[in-house]
Amino acid sequence: TELPADVLLAGTTRDELWAAFRGFLRDGDTLATWGTYAFARMHEAGVALFHPTVDLRRVMADWLRGSPSSMENCAHRLGLTPPRLGQGRGGRRLGLMYAMYRQVLGPRRV
């Protein structure tokens with residue numbers, strides 16, 4: 001998780017997390033995932049059932065015309081310097097997804 005123990009110990013239960021996430025979502029929000037794992041977990045928890053979801057890994061594969069590999073490898077391959085958008089691994093990976101999302105909005109490299 002790349003988080004210090006005190007941050008982990010101050011966390012909430014999984015049910016409280018899902019409830020907070022449901023409260024965070026607004027009508028019309030589209031969720032982005034990297035692969036299908038997160039979507040499957042949200043679906044099992046009954047979260048975000050009525051929100052469209054985009055698999056950014058699939059979008060990157062189409063944009064690159066090949067496998068993007070991991071988020072880290074893909075960002076490195078594209079020469080991206082992603083921002084950190086939160087603490088720990090989650091904040092690092094959210095920054096990676098944001099940087100790749102911004103990349104696909106621009107012209108595709110030949």
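1. The buried residues of helix H5 pack against helix H4 (56-64) and helix H6 (88-105). Contact here means heavy atoms within 4.5 Å, and helices (H or I, at least four residues) and strands (E, at least two) are DSSP runs numbered from the N terminus. This is a predicted model, in which local features need pLDDT of at least 70 and side-chain atom pairs count only at pLDDT 80 or more, while totals for chains, interfaces and linings use all residues. Residues are numbered from 1 along each chain as its sequence is written, and side-chain values use heavy atoms, with hydrogens and water left out.

2. Which residues of H5 are buried? In this helix (residues 71-78) they are Met71, Cys74, Ala75 and Leu78, where buried means under 20% relative accessible area, exposed over 50% and partly exposed in between (1.4 Å probe, protein chains only). Seen down the axis of H5, these residues fall within an arc of 95 degrees, so they line one face of the helix; the arc is that of the directions from the helix axis to the C-beta atoms. An α-helix has 3.6 residues a turn, so residues three or four places apart point the same way. After H5 comes Gly79, with a positive phi near 70 degrees.

3. In H4, the buried residues are Leu56, Met60, Ala61, Trp63 and Leu64. They cover an arc of only 165 degrees around the axis, which puts them on the same side of H4. The elements that cover them include strand E1, strand E2 (53-55), H5 and H6.

4. The structure holds 6 salt bridges, each a side-chain nitrogen of Lys or Arg within 4 Å of a carboxyl oxygen of Asp or Glu. One of them joins Arg92 to Glu2, with the closest N and O atoms 2.7 Å apart. This pair links distant parts of the chain, 90 residues apart: Arg92 is in helix H6, and Glu2 is in the segment before helix H1 (5-9). Arg92 is partly exposed at 23% relative accessible area, as is Glu2 at 48%.

5. Arg92 also forms a salt bridge with Glu72, the closest N and O atoms being 2.8 Å apart. Glu72 lies in H5 and Arg92 in H6, so the pair ties together parts that are 20 residues apart in sequence. Glu72 is partly exposed, with a relative accessible area of 28%.

6. Which residues make up the network of salt bridges? Glu2, Glu72, Arg92 and Arg93 are linked in it. Arg93 lies in H6 and is buried, with a relative accessible area of 19%. Leaving aside residues up to four places away in sequence, Arg93 touches Met71 and Glu72. The C-alpha atoms of Arg93 and Met71 are separated by 7.4 Å, although the two are 22 residues apart along the chain.

7. Another salt bridge joins the side chains of Asp29 and Arg26 (3.5 Å, N to O). Asp29 counts as buried at 16% relative accessibility, whereas Arg26 counts as exposed at 58%.

8. The largest pocket holds about 1,600 Å³ of space. On a 1 Å grid over the protein atoms alone, a pocket is an open set of points where a 1.4 Å probe fits, with protein on both sides within 12 Å along at least five of seven lines, and lining residues have an atom within 4 Å of a point. Grid points are joined across faces, edges and corners, and the volume is the space filled by probe spheres set on the points.

9. Of the 32 residues that line the largest pocket, Phe21, Ala32, Ala38, Gly90 and Leu94 are the closest to its centre. Helix H2 (14-24), strand E1 (31-33), helix H3 (37-44) and H6 each give two or more residues to the lining, and H6 provides the largest share, 8 residues. The lining divides into 19 nonpolar, 7 polar and 6 charged residues; Ala, Val, Leu, Ile, Met, Phe, Trp, Tyr, Cys and Pro count as nonpolar, Asp, Glu, Lys and Arg as charged, and the others, Gly among them, as polar.
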